[in-house]
Amino acid sequence: AGISSLFALHYVFIRFRSWLNWQWIRLCRKPRRMHIFFDLEDTTRFLVKDIQTKPSCKDDILVIVENPASGSKSGAQTLASILNLFTVQRGILSLANETNAIIKRISRPIYKAKHTDFSNRLNMKWALKQGYECFFYFLSDNEDNNITAALKLTKDQTLESLKDKNKVRIYCHASKDGENCILERYPDHGIEIVIIDSAYLSVHELMSKEEAQPVNFVDISQDYNGLVASQFTAMIIGFGETGQEALKFLYEFGQFIYHEHDEESYFHCHIVDCQLDKLKGRFLAKRPMLREHQDLFTWRKEDVRSSEFWENVHKNIDSLNYVVIATGSDADFHLALDLYEYAHINRRNGLEHFRIFIRVYEHINVGRFEELICRIGAVQNNADVDISKRCVIVMCADNGVVCEGVTQSDSSVRSEE
């Protein structure tokens with residue numbers, strides 16, 4: 001009860017300070033831009049902090065819209081509301097306190113709202129009419145909710161009146177595919193909608209890294225300049241949005257020029273997903289050219305924990321160069337470690353021309369991985385971490401059992417073992 005009371009007092013204090021800041025902005029400050037965030041995801045937290053630290057955005061106003069937990073009179077949902085208060089709202093308070101952001105509250109999420117007068121309910125109509133640039137962000141992991149919320153926001157009458165002045169922009173986390181591309185290129189209401197595709201961006205970041213280019217994982221012919229002398233074999237584990245983007249990248253950048261007398265293709269990709277039947281058809285339907293080159297792909301409907309998967313890994317481990325893991329969860333970090341160790345033991349050339357790339361979904365895991373790499377680098381006293389050379393040191397002791405007289409053998413037996 002004491003902790004709850006302290007939290008409630010802290011909550012009231014932050015909200016009151018937020019209200020004072022908002023009134024001060026209305027009366028005295030003349031900011032150029034206003035950023036309104038509707039979802040408290042990890043992406044939102046990092047973006048808010050990034051905007052707040054940029055010198056060019058020092059006068060910008062940051063607004064975090066608080067969505068209340070769905071309440072009910074039942075005891076179970078009341079408990080859920082209390083738990084939500086101590087998790088989500090604590091994160092909002094912490095972020096608002098750290099970045100001096102304004103906290104706003106709406107009765108229900110925009111994608112569920114029946115009305116369209118959002119600017120008035122958020123008390124932002126005055127800011128829009130004064131000519132502020134307003135950027136709205138829907139960055140949750142639920143694509144349908146983001147798209148629905150963005151479309152409803154475009155129907156706000158105040159926003160519609162400003163569409164010709166290019167003062168309003170909506171950022172929406174969704175896939176750059178199908179109807180979403182039409183929504184971005186040809187908005188119905190004249191308000192610019194920018195689709196943020198995290199899968200595309202993650203693969204684009206991979207493409208931008210020179211060390212991740214497929215050309216680094218093949219042998220260049222010594223007899224013919226510019227020709228490839230070894231095969232490039234890739235494996236994509238997880239064929240969701242990121243896996244599909246990775247396949248497009250590898251198919252484009254993994255095609256090399258080889259000697260005209262060599263009829264064998266130097267590119268091959270294994271695609272592994274336990275739900276491949278649902279994903280493969282739609283992917284190929286949109287890319288008919290890939291259907292004509294099915295010999296370049298091996299489609300495997302397998303679970304990474306199955307014996308079939310590891311049997312296929314064993315068959316192809318020598319030729320395998322490039323592995324992309326994008327299963328949709330960071331729980332499969334151990335899979336990358338297992339594959340790395342398996343390749344180190346079973347590949348004839350060790351880890352030469354071999355690399356594993358992982359799509360990380362939780363930012364906290366990036367920090368943990370970087371911390372692990374830093375520790376290894378500190379031990380090796382080298383910024384270029386290398387764990388390819390390893391050994392096992394076995395140390396034994398009799399733990400005093402000989403002295404206690406509870407063993408029939410003396411200490412020499414342990415040393416011989």
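Because the model is predicted, local features are given only where pLDDT is at least 70 and side-chain atom pairs count only at pLDDT 80 or more, whereas totals for chains, interfaces and linings use all residues. Residues are numbered from 1 along each chain as its sequence is written, and side-chain values use heavy atoms, with hydrogens and water left out.

**The chain as a whole**

The chain holds 16 helices and 11 strands, where helices (H or I, at least four residues) and strands (E, at least two) are DSSP runs numbered from the N terminus. Of its 417 residues, 39% are buried; here buried means under 20% relative accessible area, exposed means over 50%, and partly exposed lies in between, with a 1.4 Å probe and protein chains only. The accessible surface amounts to about 24800 Å², and carbon and sulfur atoms account for 51% of that surface; these areas come from the Shrake-Rupley method with a 1.4 Å probe, and for residues only the protein chains shown count as cover. Among contacts (heavy atoms within 4.5 Å) between residues at least 6 apart in sequence, 73% join residues at least 24 apart.

| Helix pair | Axes come within | Crossing angle |
|---|---|---|
| α13 and α14 | 11 Å | roughly 35° |
| α9 and α10 | 8 Å | roughly 35° |

The crossing of α13 and α14 is right-handed, and that of α9 and α10 is right-handed as well; a crossing is left-handed if the near helix is turned anticlockwise from the far one by less than a right angle, and right-handed if clockwise.

Helix α14 has 14 residues and reaches 20 Å from its first C-alpha to its last, close to the 20 Å expected at 1.5 Å a residue, the expected span being 1.5 Å times one less than the number of residues. Its buried residues are Leu335, Ala336, Leu339 and Ala343. They lie on the same side of α14 because they cover an arc of only 100° around the axis, the arc being that of the directions from the helix axis to the C-beta atoms. The face turned away from this buried side carries Leu337 and Ile345, which are exposed. The buried residues of α14 pack against β7 (232-237), α13 (307-316), β10 (320-325) and β11. Where α13 and α14 meet, Phe309, Trp310, Val313 and His314 come from α13, and Leu335, Asp338, Leu339 and Tyr342 come from α14.

In α9, the buried residues are Ala199, Val203 and Leu206. These cover an arc of only 50° around the axis and are therefore on the same side of α9. They pack against α10, β10 and β11. The residues of α9 that meet α10 are Ala199, Tyr200, Ser202, Val203, Leu206 and Met207, and their counterparts in α10 are Glu241, Thr242, Glu245, Ala246, Phe249 and Phe253.

Glutamate 245, in helix α10, counts as buried because its relative accessible area is 15%. Leaving out residues up to four places away in sequence, glutamate 245 touches Asp197, Ala199, Tyr200 and Val203.

Arginine 300 lies in strand β9 (residues 297-300) and is classed as buried because its relative accessibility is 18%. Apart from neighbours within four places in sequence, arginine 300 is in contact with His270, Ile271, Val272, Asp273, Leu276, Asn312 and Asn316. One of the contacts of arginine 300, asparagine 312, belongs to helix α13 and is buried, with a relative accessible area of 10%. Not counting residues up to four places away in sequence, asparagine 312 touches Arg300 and Glu302.

**Positive phi values**

Asparagine 100 has a phi near 60°, a positive value in a residue other than glycine, and sits in the loop between α3 (75-99) and β3 (102-105). Its relative accessibility is 47%, so asparagine 100 counts as partly exposed. Histidine 353, also not a glycine, has a positive phi near 55° and is placed in the loop between α14 (333-346) and β11 (355-358). Histidine 353 counts as partly exposed because its relative accessibility is 22%.

How values were computed: Axes are lines fitted to C-alpha atoms, for helices over the stretch in contact, and angles run from 0 to 180 degrees between N-to-C directions.
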